[in-house]
Amino acid sequence: MRQSLGDLAIGGAKPAFAEALHVGRPNIGDRDRLMQRINDILDRRWFSNDGVYVRELERRLADMLGVEHCIAMCNGTVALEIAIRATGMSGEVIVPSLTFIATAHALQWQEIRPVFCDIDPATCTIDPERVRELITPRTSGIIGVHLWGRACDTEALAAIARQYRLSLLYDAAHALGCSAAGGRMIGGFGDAEVFSFHATKFVNSFEGGAVATNNGELAQRIRLMKNFGFSGYDNVIYPGTNGKMPEVSAAMGITSLESLDDFVAANKRNFDIYAEQLAGVPGLKLLPYSEDARNNYQYVVALLDSEVAGTARDNLIEVLHRENIMARRYFYPGCHRMEPYRSLQPHAGLLLPETERLVRQTVVLPTGTSIEPENIHEITDVLRCALANAAALNSLLAAA
Ligand code: T4K
């Protein structure tokens, strides 16, 4: 057990890990099954354009999510862009600022203004009461983000969308395998929901994404849009782009999905060890997962209250990085403080007090199948030691 700063790399000791531990290390399912599938793809020489693996992935996802339609795509960002276009969003769309930059960029890319909305600190998702205050005659839609797998207040957002006739999308990049409170699976809310299967997601297809919807007409439009608008050979009936998922990605996606339960179990095991080891550490608390919902446990988010802990979040990140524990500050500093939004909307932060507070507190810790229980014991030992010596840590970093 580490006692003093001298036991930490920042105080001169050897780093806890010789090789870096990363947030977002990919999970890998059954390698043999993956290689069989890739060999099959090579044998059949069908690499893209609505191949059998893409269809199988779409079918499996739709079944799992309990939705009628699922359209696989090359990544989550393009899937968002296409869903935004297909639902006819324009003018202004209300989004949280506390999200990965892709959510805002998918709008701005199409010259739609993202109007940043504050979060409900209890769920870290868009606050419906604040949404109401941001509606103008130019508002065409809302995009909720099920951040870190925590479901938005889907009922309240649906009521607002109905009342003001707005399109309603969800960025569900973090929320595969999660449900809202009460058990209804994320995937079927709003007009459509968008998933990411990027390498860093707990179910990955190297790169990939998908749109899930129960609206057949919308699904048809999205299918056309992701394939240049082709409706059969030599017949284009719609403007479109290339959003297709390649077969090799679908093969990885299917193989990952087959291991979903194992991945969730590893994430939950890790989360529980973090929670047990960090219980009672002053100023540091893990963002809990709701007992009323199904969770994928893919993000371990610790929140540091620097007043109570006696040191700043960035000092703790520095300590962890020196130990080769590559914790992240997701999603610091908030979209509204990144370009082009910082220049276009310089005062947006005034309406985002909860977001501004939270982005200064987050420490996202490594998890997933590459992280073993003993790794977590080391990580939490480092955290406890750093915080037990907060005053000395502040002096050391101030002198550096
Ligand atoms: N909406 C939300 C809410 C999202 O979080 C995302 C993506 C999207 C939309 C868009 O979906 P995609 O278009 O990406 O499908 C990473 C991912 O690139 C991004 O997909 C993800 N969110 C975001 C949360 O994380 P960065 O900028 O943090 O990436 P990077 O390169 O710093 O890598 C993250 C960590 O993962 C590092 O610690 C290294 C590790 N890593 C990464 C890769 C690619 C590995 O260990 N192995 C790998 O192969 O965005």
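Entry 1: How far does a backbone N or O atom of glycine 76 lie from an oxygen atom of the ligand? I found 2.8 Å. I call this a polar contact, meaning a pair of N or O atoms within 3.5 Å; within protein, one must be able to donate a hydrogen and the other to accept it, and residues adjacent in sequence count only if both atoms are side-chain atoms. Taken alone, the ligand exposes 920 Å², and the protein buries 76% of that (accessible areas come from the Shrake-Rupley method with a 1.4 Å probe; for residues, only the protein chains shown count as cover).

**A note to myself.** This is a predicted model, in which local features need pLDDT of at least 70 and side-chain atom pairs count only at pLDDT 80 or more, while totals for chains, interfaces and linings use all residues. Residues are numbered from 1 along each chain as its sequence is written, and side-chain values use heavy atoms, with hydrogens and water left out.

Entry 2: I looked up two side chains next. Lysine 201 has a side-chain N or O atom 2.9 Å from a nitrogen atom of the ligand, and a polar side-chain atom of histidine 198 lies 3.3 Å from a ligand oxygen atom.

**Entry 3: where the ligand sits.** I saw that domain 1 (5-24 + 260-327 + 366-399) and domain 2 (31-258) both give residues to the shell around the ligand, so the ligand lies between them. The domain bounds come from an automatic or database domain assignment.

**Entry 4: helix H8.** In H8, 10 of the 12 residues are buried (under 20% relative accessible area; exposed is over 50%, partly exposed in between, with a 1.4 Å probe and protein chains only). Among them are Glu247, Met252 and Thr255.

Entry 5: Is asparagine 204 buried or exposed? At 2% relative accessibility, asparagine 204 counts as buried. Its side chain has a polar atom 2.8 Å from the backbone nitrogen of phenylalanine 206. Serine 290, at 37%, counts as partly exposed.

Note on methods
Helices (H or I, at least four residues) and strands (E, at least two) are DSSP runs, numbered from the N terminus.
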